[in-house]
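Keep the sequence and the picture beside you as you read.

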Amino acid sequence: MKETAGTTEALERLRDAEMTPGICYVCPWTCPTEVYTRKGEIVYVRGNTRASTKGSRCVKGEASHVLAKDDNRLKHPMRRVGPSRFERITWDEALTQIARKLTGIKATYGPEAVAYLWHVDPNSVFAQLFLTECYGTPNYYGHTSACEQDRRLAALTVLGHVFPVHDYENAKFIMLLGINMLGANQNLFESRGLLAAVAKGARLVVVDPAFTATAEKASEWIPIAPGTDGALLFAMAHVIVQDKLYDEAFCRQWTHGFDEFCRHVVARGYTPEWAAGITDVPADKIRRLAREFATTRPAMLETFKGLGNYANGLDASRVVYILDALTGQVDGPGNLILKDWAPLQPPLTIPEARKTKPGKPPLHVAMGYPLAPDLPTQLLPKAILEGTPYPVKALFFQCTNPVMSEPNTALYRKAVQALELSVAIDTYFSETAAECEFVLPEASFYERAEIRQSLAMPPEAIICVPALAAYHEARPVYDIVRGLAEKMGYGDLFRWNSWEEWGRRIIKDLPTDLDTLKKTGFWSGELTYHKYTRTGFATPTGKIELMSEAFAKHGYNALPEYRDRQVIPDEAYPFQLINSKFEMHCNLTTQNNPILLRIRGENWAELNTSDAARLGIRDGDRIEVASPQAAVTIKAKVRAGIRPGVVCVRHGHGFGHWQGIAKGRGTHINPILGTNVNPISGGIGYNECKVRIRKVSG
Ligand code: SF4
């Protein structure tokens, strides 16, 4: 390597530095890293080049060392003493008071009145074990309903897999629907694979009302009418069925409901001509795309959260997987991979005699969403404020900020305020923490241990070894839960001398040991394809279910159907509001980061040049975006690369609570969104919103 002034400086910083393997946890993709420290300070961090992500880190990860010293982090436990007023308390006081309240709530309402919510879940397995097995509430939930709830339920019911990943690199035709792989928070090994495939000449088709960073790399951009992707997908299925472009041998052996599905798309008249009238994509183009997809090998389709942003996203997501199945490519090179998981075990075992069985079903089932893979969180305020389907009196919020991230924020705030016990566990203060009774500082991924599954294609376990001492009084979740367990009579089950003790239990079935893992940072198994030939698919029929037995069992249509999105623009509100993320920001952790704020200091609303000209709006003007529910003002970005009639707000700014450098930057859009929940999956329809816009100032 040729040494420059920069590399000399970097090498000097690295001299005598100690490397500990880590996991970046700014976002849920958990990229393995190597953290170099000297004298208790981070001197360098890089991606782990030997793990499946091949050393990739995104800009958020690259800037994350700022976390280690950010003075705006939570430093000690606090208790609320009035609106926006908190007092410092000790850990012992906090845990004693939380334990006392948990005991009282259980005695009065039953353990089900307590729920634990997380966005990113480092070590929340300890909270899960304590609350679900010892305390007795079934209500331990993640954030999926605000994310890929529709695609997850589609994957579970069609393929029998919770989280398919994608072998982009080997694909020759890739069609992405509503997913901005290169410009939002997405899996880095997949983004890397996508770029490699494009470099090798793969055809990339991006279906999105907005010309995204991914569309910039595409062979073809299809600016589809918002929320109509399902019609396009059904019409592609129609072409494949009519032209007999399916892999019949595969379908007969490995799918359930093949004949029924083929008859269904024809009987319903899901033709390209029908779809053209809905999607604004010409029929001959739909035909060409269907034939290209079905006759190119390997070829894949993918969505993530995109289709689920509309009320009709669940069945559209099912058809994504059904199309992959019709061409017989599932779990093969260049298609979706039904990932094998590393054989990791729980860190603790709770003896049967010490378990408490919940007396009520989990909230999502009681709410009437038996198939939902995660809690329909938009319905939580109803449970809190009205006691429906049963009262919720206490919530833990770990690394999650629903008062900011859910639609209908005012209602969510009111619900949190009405709780008898509310506990925020986070690295930073948040809108949700501001309403909670207790705020507990969580250790960051530079200060805590963890062993978890990676989201790479092969089975892979990754490890995070604490690189830094605790930040002020911050504690990892495993220590917080241990303290709570001690206060509530379960201390003997949550006792260890060092994290390595439970770490060894987690990896006891891995063909490696903890010392090796602490050196390498990961264990990777073999990537295998077509695993279903040995095991079948994990669905009720053991096959890919084009016709879902689970849907039928619960009284839903077994075959997917096309429905319009729920909210359609009209004369008063003529624009469809859609949303998109920045790759530079992910929730609270990035908001006060000076490097990321320098790159992207505020957000904006994008609108088409023709719409802007008609309304007298110029690039950079402030505009009002008003829905039937509320209005906000935001900076306008005028561009040709968005479909006329659509306003796309880049979100992730406008957090109101900051006192640090993030204070006052950007606009929060969620207050103008109404409640919109998919009736089967419980996923949130963030794009189900009509708006009008007007210029406020130049
Ligand atoms: S994608 Fe970026 S922010 Fe997310 S875990 Fe990886 S490096 Fe960190």
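Predicted model: local features only at pLDDT ≥ 70, side-chain atom pairs only at ≥ 80, totals over all residues.

Residues are numbered from 1 along each chain as its sequence is written.

**The whole chain**

The protein chain has 26 helices and 27 strands; these are DSSP runs numbered from the N terminus, with helices (H or I) of at least four residues and strands (E) of at least two. Its C-alpha trace spans about 70 × 70 × 65 Å along the principal axes. Because a compact globule of 698 residues would have a radius of gyration near 26 Å, the 25 Å of the protein chain agrees with that shape. The radius is taken over C-alpha atoms, and the globule rule is 2.2 Å times the number of residues to the power 0.38. Of the 698 residues, 57% count as buried, meaning that 20 or more other C-beta atoms, placed from the backbone, lie within 10 Å of a residue's own.

**Domains**

The bounds in this table come from an automatic or database domain assignment.

| Domain | Residues |
|---|---|
| Domain 1 | 1-141 + 373-454 + 466-520 |
| Domain 2 | 151-339 + 537-553 |
| Domain 3 | 575-697 |

The C-alpha centres of domain 1 and domain 2 lie 35 Å apart. Between them, 9 residues of domain 1 are in contact with 8 residues of domain 2, where contact means C-beta atoms, placed from the backbone, within 7 Å.

Helix 13 covers residues 313-326, and its 14 residues should span 20 Å at 1.5 Å a residue, so the 20 Å between its end C-alpha atoms agrees. That expected span is 1.5 Å times one less than the number of residues. Helix 13 is mostly covered, with 14 of its 14 residues buried. After it comes G328, whose phi is positive, near 70°.

F537 sits in the loop between helix 22 (532-535) and strand 21 (544-545). Why does F537 count as buried? F537 counts as buried because it has 23 C-beta neighbours inside 10 Å. The C-alpha atoms of F537 and T255 are separated by 9.5 Å, although these residues are 282 residues apart along the chain.

**Around the ligand**

The residues around the ligand include C24, W29, R57 and L188; a residue is near a molecule if its C-beta atom, placed from the backbone, lies within 6 Å of it.

Terms used:
Buried ≥ 20, exposed ≤ 12 C-beta atoms within 10 Å, placed from the backbone. Contact = placed C-beta atoms within 7 Å.
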